[in-house]
Amino acid sequence: MTILNEKSNFNDDSTRLSWTKTQSFEVELRNLTVSCEIKSGLVPLPWVKGEKKEILKQIDSLRVPAGSFLAILGTSGSGKTTLLNTISGRSEELIVEGDILFNGHKVFPEEIRKSVGYVLQSDQLLPTLTVRETLQYAGLLRLPNTFTKARKMEIVEEIIGELALRDCANRQIGNSAGKRGISGGELRRVSIGVQMLSNPGVLYLDEPSSGLDSFTAHNLVETLLSLSRLNKTVICTIHQPRADIFKLFDYVLLLSKGNVVYYGPTTGIVDHFAALGYECPYDVNPADFFLDLITINSQNEKVEQESTERLGQLIEGYKESLLSKPSIGLASSSAEEMKRFVPESRNTSFLYQVLLLIKRSFQHIIRDKSLFMARLVETILMALITGGIFYNLEQDIGGIKSRIAAFYIVVILQPYLIIIATILHYSEELRVFDREHYDGMYSSVAYWCASKASNLPFEIITSFIFSSIFYWMANLRPTLVAFLWFYLVLTLVQYASASMGHMSSSIIRGFAGASLMANLTMTFIGISSGYLINPATFPFYLDWISYVSMYAYAFSALSANEFLGNNYPCPYPPDDIQCALYQGDQILSRLELRSNDIGFNCIILLVIATFFNTVSFLALRFIKYKPK
Ligand SMILES: Nc1ncnc2c1ncn2[C@@H]1O[C@H](COP(=O)(O)OP(=O)(O)OP(=O)(O)O)[C@@H](O)[C@H]1O
């Protein structure tokens with residue numbers, strides 16, 4: 001592993017951040033108790049107090065020396081993730097009592113989050129970027145702006161080398177939805193690299209080896225050991241490690257039912273349990289042996305009682321041992337390392353974040369071939385199909401009726417597909433946003449601006465393609481001005497629809513929930529377009545829908561564009577009453593639209609899109625989704 005041999009050469013005395021000057025933290029827990037509130041009832045009411053349930057019970061005098069490697073082990077539900085989240089400042093929903101100290105100073109969740117790295121159990125990365133690009137974007141956003149771009153890239157290359165990612169540096173990340181990419185172990189290392197780029201004093205990892213084969217898991221844990229030797233305190237939770245992996249940890253914390261059963265050097269665990277009467281057989285993996293010992297077996301009452309008694313005895317045994325007493329058996333930090341911790345502020349300017357995120361989002365959209373091609377092919381196919389159905393419309397009564405039907409189809413169908421594509425796109429991208437925003441890489445405002453700007457060109461292009469094919473195939477009003485209005489209206493309704501998709505995704509994460517919300521909204525406002533039901537006939541309590549329906553305004557604009565002042569050849573004598581059926585203004589008045597003013601309808605479409613955009617902005621800003 002290169003990391004052990006290669007000391008970084010990117011010192012920069014002008015900045016706090018450089019590898020050799022990394023401030024590593026000793027992590028100390030004093031009287032730490034973590035509980036949650038369990039509320040009864042079908043719908044938990046915020047003002048009703050629930051029952052308090054302790055998840056972690058009084059963890060005291062637990063010190064993890066700076067630059068060491070600690071593994072938190074325990075049975076399922078023992079509280080490993082809760083502990084990791086608490087000491088990394090990520091347990092907002094829990095009641096935390098007691099103190100967390102970094103280098104002897106009490107720190108609060110906000111401060112902790114800014115100074116540590118947290119590698120989630122699942123890798124939230126954009127699948128279309130290469131390993132190198134992923135780390136470069138993270139470097140550009142996380143490294144201090146006192147570094148030049150060239151220097152940031154140098155640091156990224158160093159990390160790629162340290163994490164043994166050179167062979168796959170130019171390969172795309174990929175995803176489980178069919179996009180081939182790098183292996184699971186490489187994926188984990190990229191996630192670690194992203195966190196390393198904030199130069200954290202402590203690196204936390206939740207089940208870093210889950211889903212990896214044992215060889216890859218061993219390599220990964222070796223990498224983590226190497227990082228700790230670079231003066232990073234590394235703390236991870238892990239499930240049943242192999243014996244050769246177990247040996248790599250400096251310290252082990254054994255948890256069962258929220259109690260500490262052992263905390264101390266890995267080398268001392270066998271002797272500690274032997275002293276309590278539980279000798280680990282030489283041919284058994286110590287991790288398996290100790291985990292079995294601390295598991296409550298509920299197969300039947302008798303064994304459950306036995307295992308509960310044994311666990312109680314082991315917890316007491318630990319409490320009475322020297323290991324549970326402060327500073328016994330553990331190295332303490334030097335005076336230099338006990339310096340007051342200063343939280344890092346965000347490194348880049350707002351404009352820089354927006355421009356970088358726009359570039360990245362463009363890359364992602366263009367490279368997401370399935371979605372990009374689906375959007376393009378779908379637009380062309382939809383234009384050809386609808387153009388084919390309404391091909392070369394006659395100037396007679398049938399043709400006039402078909403024109404009205406065509407406008408309804410155009411304002412509903414194409415935007416509907418846009419909504420689905422938008423939600424599909426954001427359901428993936430927002431998972432990455434949640435992680436990066438939580439990590440403090442950029443502001444939600446910067447992300448919102450970038451996502452709006454990067455998607456707009458695609459709305460403009462796809463609606464141009466659709467309009468160019470459909471308009472002339474259907475034989476609509478044959479003037480350039482009328483075509484341009486048609487294109488503008490279609491662009492605006494598509495933009496408003498995409499904004500609605502974005503809004504749904506910003507409020508509800510995940511494709512299923514967001515598309516359900518968007519579909520319901522769309523069905524509701526779609527019926528009031530003015531084609532299926534005349535808005536003037538709506539019952540009073542539904543009257544408002546047509547005022548907020550983008551489809552109603554788009555339908556009005558397209559109808560006005562076609563019929564206003566446009567008379568079709570009447571087959572009857574000019575003074576025949578039936579000729580009114582061929583006069584555009586008469587047709588419009590029978591449609592009883594909200595407004596025949598195309599410009600006014602376009603402005604309202606913009607207002608509706610702005611409303612959706614404002615809601616998505618507020619949702620991204622104020623609804624916090626904790627990354628998983
Ligand atoms: N926010 C919460 N609200 C209610 N209960 C919670 C909450 N967080 C954790 N718990 C409960 O606390 C216990 C410990 O959970 P935790 O996820 O920390 O365990 P774990 O050791 O990481 O388990 P596993 O290995 O299965 O992931 C579980 O019983 C869990 O249901």
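## Charge and overall build

The protein chain carries 56 positive and 60 negative side chains, and the centres of these two sets are 3 Å apart. The model is predicted. Its protein chain contains 21 helices and 11 strands, and the C-alpha trace spans about 110 × 60 × 45 Å along its principal axes.

Of the 628 residues in the protein chain, 55% are buried. Among contacts between residues at least 6 apart in sequence, 75% join residues at least 24 apart.

## Domains

Two domains are assigned: domain 1 covers 2-330, and domain 2 covers 369-420 + 458-622. Their centres, taken over C-alpha atoms, are separated by 53 Å.

## Salt bridges

The whole structure holds 23 salt bridges. One of them pairs Glu-92 with Lys-626, with the closest N and O atoms 3.9 Å apart. Glu-92 lies in the loop between helix H2 (80-87) and strand E5 (95-102), and Lys-626 in the segment after helix H21 (598-622), so the pair ties together parts that are 534 residues apart in sequence. Glu-92 is partly exposed at 47% relative accessible area, and Lys-626 is partly exposed at 27%.

Arg-132 and Glu-157 form a further salt bridge, their closest N and O atoms being 2.7 Å apart. Arg-132 belongs to helix H4 (residues 131-142) and Glu-157 to helix H5 (residues 149-162), 25 residues apart.

Asp-439 forms a salt bridge with Arg-435, at 3.6 Å between the closest N and O atoms. Salt bridges with shared partners join Arg-90, Arg-142, Arg-360, Arg-435, Glu-436 and Asp-439 into one network. Within this group, Asp-439 is buried at 14% relative accessibility, and Arg-435 is buried at 5%.

Technical notes. Residues are numbered from 1 along each chain as its sequence is written. This is a predicted model: local features need pLDDT of at least 70, side-chain atom pairs count only at pLDDT 80 or more; totals for chains, interfaces and linings use all residues. Side-chain values use heavy atoms; hydrogens and water are left out. Helices (H or I, at least four residues) and strands (E, at least two) are DSSP runs, numbered from the N terminus. Buried means under 20% relative accessible area, exposed over 50%, partly exposed in between (1.4 Å probe, protein chains only). Contact means heavy atoms within 4.5 Å. Lys and Arg count as positive and Asp and Glu as negative; His and the chain ends are not counted. The place of a charge is taken as NZ of Lys, CZ of Arg, CG of Asp or CD of Glu. Domain bounds come from an automatic or database domain assignment. A salt bridge is a side-chain nitrogen of Lys or Arg within 4 Å of a carboxyl oxygen of Asp or Glu.
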